[in-house]
Amino acid sequence: MPIDYTSRDFASVKSDLIVRARATIPEWTSTSSPDFTMMLIDLWSYVADVQNYYIDRAYTEAYLDTATQASSVRAIARLMGYQPNSRTSATATVTVSNSSGTIEAFPKGTMFLVPAAGAKAAVYFTSTSDVPSGGIPAGGSSVVPVAEGRWVSETFSNFNGEAGWAFPLSELKIVPNSLTLTVGTTAYTHTQRMHEVGSTAPVFTSITDSTDTTRIVLGNGVNGKVPDAGSTIVANYRVGQGSVGNVGLNAITTLIVPKVYLSITSSTAASGGTDSESIPSIKNNAPALRRVQDRAVTLADYKTLMLGFTGVNKAVALSTVSSGAVTVNYVALPAYPDYQNQALTVSTLYLNATAGSPNFGAAGDDIDTNMTTFLQDRSMIGVTVAPISTTISLTDVYVAFNSVVVKDGHYQEVVKSGIDTVVRALFSWESLDFNKPIRLSAILSAAQGVEGVQSVFISNLGAASGGSSVADHTPTATTSSAVSLPVLRTITFAGVSGGIA
């Protein structure tokens, strides 16, 4: 008799087995539970059900579109040549005072602490450079740059000399861009693009899996220098918490190794801390990077290549033509989850700490230093690539509600707070993009979805606080010479009625 291969669960397999048994053994007529044959059929059906479940799961996890497990998604993305973004550290500065009569050395790697409070765990910060001129002056103070994370050093002895050898680090939640490696007396530098270096280059790369374990990968004999057998390898790195490190003003209050004559007088708000790239983001970016085949022809190709560059979260490419020569101008930005809080009080942001303050914190030297070369190498002959600017101008956006009708039984202040929250979410770093219109309908829809709202009307969506625009708002565009992003300045309410005042 034909086999129905669509029978995959317990009930359908059991039904098929009973039909087959009756056809094969006509004299068997009992189908009650105590019957021995029925017990065997139940057991076989159970085994088939479990087996088919695992077959389905294996099939599902083999394709990027249907995979649900982080380990599967990351593995498939790497096969496509895409390296998912890892966590980055928030950065800040701490002002440390010295009340003693002598200069106090303050070396790189000194650790600070944001103490635990309630349900919030402690957050470590580490100084990223030595205080110059020998240390903190007597009776004075110094500004110390810090990055979120606990500093760790571990040693691996007697390297086996094998090409392509990889070894796991002992800690979880490592910040990859903090990794440094010393092999014997040679400093190895970290790269996410091992395939681009020569066989004698002292570089290494790292791979972070779905369990947050990081493995160091050394040279394979073709790309990257293979250390000599017996070498001693020292790895230094920070263990971080990603976006948890975006702490507020003056939150860093404690020196891990206190000295009575040293005290923390202030600290800036920390920004730039991000978590590992999400599964939806990987699923979106990996196929796009695969399609461009590591070359840039269209402006969309440039944007895709930048988004596939480790650490980049937002990108745009524009072209200009002068006397027949084509220039592609670009902006590539790291994730900035604390964007809303910073942008509320400033008009300009910077990509790196040297350009000014406030800044994007851990933008990463790789983005700042190597992006132009990365794109230029993948461009057509005759095309010149150049960054637009490290300065991001913020353009004002104001939203005014002239009527909010609250349903019976709901407090007006609670409803207003809910509207404020959902509207601000539309202006978060994840929601914003270059040259993206701000839709009036999106704001109305978000506000209307707040519990307790009966109806809402907007009297202004625009660049002026006292305006009367009730149309979609087009923010200042990013051009080949200037970078612009919108920032929500205020949300105001008038004509709130109904509910409980």
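A charge is taken to sit over a ring if NZ of Lys or CZ of Arg is within 6 Å of the ring centre and within 35 degrees of the ring normal. With that in mind, select Lys314 and Trp429 to begin: Lys314 lies over the face of Trp429, at 4.8 Å from the ring centre.

The model on screen is predicted, so that local features need pLDDT of at least 70 and side-chain atom pairs count only at pLDDT 80 or more, while totals for chains, interfaces and linings use all residues. Residues are numbered from 1 along each chain as its sequence is written, and side-chain values use heavy atoms, with hydrogens and water left out.

**Salt bridges**

Turn next to the salt bridges (a side-chain nitrogen of Lys or Arg within 4 Å of a carboxyl oxygen of Asp or Glu), of which the structure holds 17. Select Asp56 and Arg8, whose side chains meet in one of them at 2.6 Å, N to O. Asp56 lies in helix H2 (residues 36-61) and Arg8 in the segment before helix H1 (10-24), so this pair ties together parts that are 48 residues apart in sequence. Helices here are DSSP runs of H or I with at least four residues, and strands are runs of E with at least two, numbered from the N terminus. For accessibility, buried means under 20% relative accessible area and exposed over 50%, with partly exposed in between (1.4 Å probe, protein chains only); Asp56, at 35%, counts as partly exposed, and Arg8, at 30%, is partly exposed as well.

Now select Glu171 and Arg150, which form a salt bridge with their closest N and O atoms 3.3 Å apart. Glu171 belongs to strand S6 (residues 166-172) and Arg150 to strand S5 (residues 150-156), so that the pair links parts of the chain 21 residues apart. Glu171 has a relative accessible area of 23% and is partly exposed.

The next selection is Arg378 with Asp294, joined by a salt bridge of 2.7 Å, N to O. Arg378 is in the loop between helix H7 (365-376) and strand S17 (383-387), whereas Asp294 is in the loop between helix H4 (279-292) and helix H5 (299-307), 84 residues apart. Arg378 is buried at 9% relative accessible area, but Asp294 counts as partly exposed at 42%.

Rings of Phe, Tyr and Trp (its six-membered ring) pair if their centres lie within 6.5 Å; planes under 30 degrees apart count as stacked, over 60 as edge-to-face and the rest as tilted. A search of the whole structure finds 11 aromatic pairs. Among them is the tilted pair of Phe106 and Phe112, 5.8 Å centre to centre with 40° between the planes, and both residues are buried.

Phe309 counts as buried at 1% relative accessibility, and Phe374 at 8%. For a cluster, select Phe156, Phe159, Trp165 and Phe167.

Finish at strand S2 (residues 111-114), where Met111 and Leu113 point one way, Phe112 and Val114 the other, and all are buried. Strands pair if DSSP finds at least two bridges between them; four bridges join S2 to the antiparallel strand S3 (residues 123-127), in which Thr126 is the bridge partner of Met111. S2 also pairs in the antiparallel sense with strand S12 (residues 254-255) over two bridges, and there Phe112 stands opposite Leu255.
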